[in-house]
Amino acid sequence: MEPPSSAAAAAIVSTNANINMDRTRRKKKKKSVLQQHQSKQSQNSQSHAKWKTEAQQQVYSSKLIQALSQVNLNPSTSSAPRQGRAVREVADRALAFAAKGKTRWSRAILTSRIKLKFRKQQHKRQRLALSSSSSPGPTTGSSSRSSRKHKVSVLRLKAKGLPAVQRKVRFLGRLVPGCRKQPLPVILEEATDYIAALEMQVKTMTAIAELLSRSTSEASSTSEPMTS
C-alpha cells in the first residue's frame with residue numbers, strides 16, 4: 001500500500017479541521033441558545049412573581065383608585081351594566097399600565113381603546129355617507145350583516161375541522177389579549193403572566209371593596225345617633 005501523497009494528506013488535514021470547526025461552532029450555538037432560554041425563563045419567573053409582591057399591589061391599587069375617580073358612577077346618569085363595563089375597562093387599563101406595556105397582553109389592552117375610538121369614527125363616517133347618498137341604507141346594512149354572519153359561520157366550520165389540541169390553543173389565544181394568532185409558546189408565556197396579574201387584580205379590588213363597605217358602614221353608624 002502506497003503512502004498518501006502530500007496533496008491528499010493536506011486535503012485530509014483540512015477536512016478534519018473543518019469538521020472540528022463545525023463541531024465547536026455547533027457546541028457554541030447550542031450553549032448560547034440554552035443560555036438565552038435560561039435567561040428568558042428566569043425573566044419570566046421574575047415577572048410572574050412580581051404580581052404577588054405587596055409593592056406591585058400598592059402600585060396597581062393607587063393607579064386603579066386614581067382611574068376610578070375619573071369614572072362617572074352616578075346611577076341617575078348611567079345604567080348598572082354600563083357602570084360595570086366602565087369599571088372593568090378602567091381596572092384592565094390600570095393593570096396594563098402597571099405592567100408598563102412589557103407584555104403582549106398589556107400592549108393589546110392599551111391599544112384597544114384607540115382602535116375602538118377609530119372604529120366608532122369609521123362607523124359614524126359610513127352612516128353619514130349612507131344617509132347622504134341616494135341608495136337606501138337598510139339594504140346595505142343588511143347585506144353587510146349577512147356577509148359578516150357568513151364569515152363567522154365559515155370560521156366556525158374551519159375550527160370544527162381542527163384537532164382538539166389546536167382548538168384548545170386557539171380558544172386560549174382568544175382569552176388572552178393580543179394572542180389570537182400567536183404560536184403556543186407565546187400564548188403559554190403570556191397566559192401565565194396574565195393569570196398572575198388577574199389574581200393580583202382580584203385581590204386588590206376585593207380589598208378596595210371591603211375598605212369602601214367598611215367606611216360606608218362606619219359613616220352610617222355615626223350618623224344614626226345624630227338623627228335620633
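Buried means under 20% relative accessible area, exposed means over 50%, and partly exposed lies in between (1.4 Å probe, protein chains only). Trp105 is buried by this cut-off, and so is Tyr194.

This is a predicted model: local features need pLDDT of at least 70, side-chain atom pairs count only at pLDDT 80 or more, and totals for chains, interfaces and linings use all residues. Residues are numbered from 1 along each chain as its sequence is written, and side-chain values use heavy atoms, with hydrogens and water left out.

**Fold**

The protein chain has seven helices and zero strands. Its pattern along the sequence reads α-α-α-α-α-α-α. Helices (H or I, at least four residues) and strands (E, at least two) are DSSP runs, numbered from the N terminus. Of the 228 residues in the protein chain, 18% are buried.

**Aromatic cluster**

A pair of aromatic rings is described by the distance of the centres and the angle of the planes. Rings of Phe, Tyr and Trp (its six-membered ring) pair if their centres lie within 6.5 Å; planes under 30 degrees apart count as stacked, over 60 as edge-to-face and the rest as tilted. A search of the whole structure finds two aromatic pairs. Trp51 and Trp105 form a tilted pair, 6.2 Å centre to centre with 45° between the planes. This pair links distant parts of the chain, 54 residues apart: Trp51 sits in the loop between α1 (6–50) and α2 (54–68), and Trp105 in helix α4 (residues 104–132). Both Trp51 and Trp105 are buried. Trp105 also pairs with Tyr194, again tilted, at 5.1 Å centre to centre and 50° between the planes. Here helix α4, holding Trp105, is linked to helix α7 (residues 184–227), holding Tyr194, across 89 residues.

Tyr60 lies in helix α2. Tyr60 counts as buried because its relative accessible area is 0%. Thr204 is buried because its value is 2%. Met200 is buried because its relative accessibility is 4%. The table lists C-alpha separations for these residues.

| Residue pair | Apart in sequence | C-alpha to C-alpha |
|---|---|---|
| Met200 and Gln56 | 144 residues | 8.7 Å |
| Tyr60 and Thr204 | 144 residues | 7.8 Å |
| Thr204 and Gln58 | 146 residues | 8.3 Å |

**Surface charge**

Arg170, Arg174, Arg180 and Lys181 form a positive surface patch. Patches are made of residues with over 30% relative accessible area and no salt bridge, with like charges joined within 9 Å and nonpolar side chains (Val, Leu, Ile, Met, Phe, Trp, Tyr) within 5 Å. A salt bridge is a side-chain nitrogen of Lys or Arg within 4 Å of a carboxyl oxygen of Asp or Glu. Arg174 is in helix α6 (residues 164–175). Arg174 counts as partly exposed because its relative accessible area is 41%.

**A backbone detail**

Lys100 sits in the loop between α3 (80–98) and α4. Its phi is near 60°, a positive value in a residue other than glycine. Lys100 is exposed because its relative accessible area is 65%.

How values were computed. Accessible areas come from the Shrake-Rupley method with a 1.4 Å probe; for residues, only the protein chains shown count as cover. Lys and Arg count as positive and Asp and Glu as negative; His and the chain ends are not counted. The place of a charge is taken as NZ of Lys, CZ of Arg, CG of Asp or CD of Glu.
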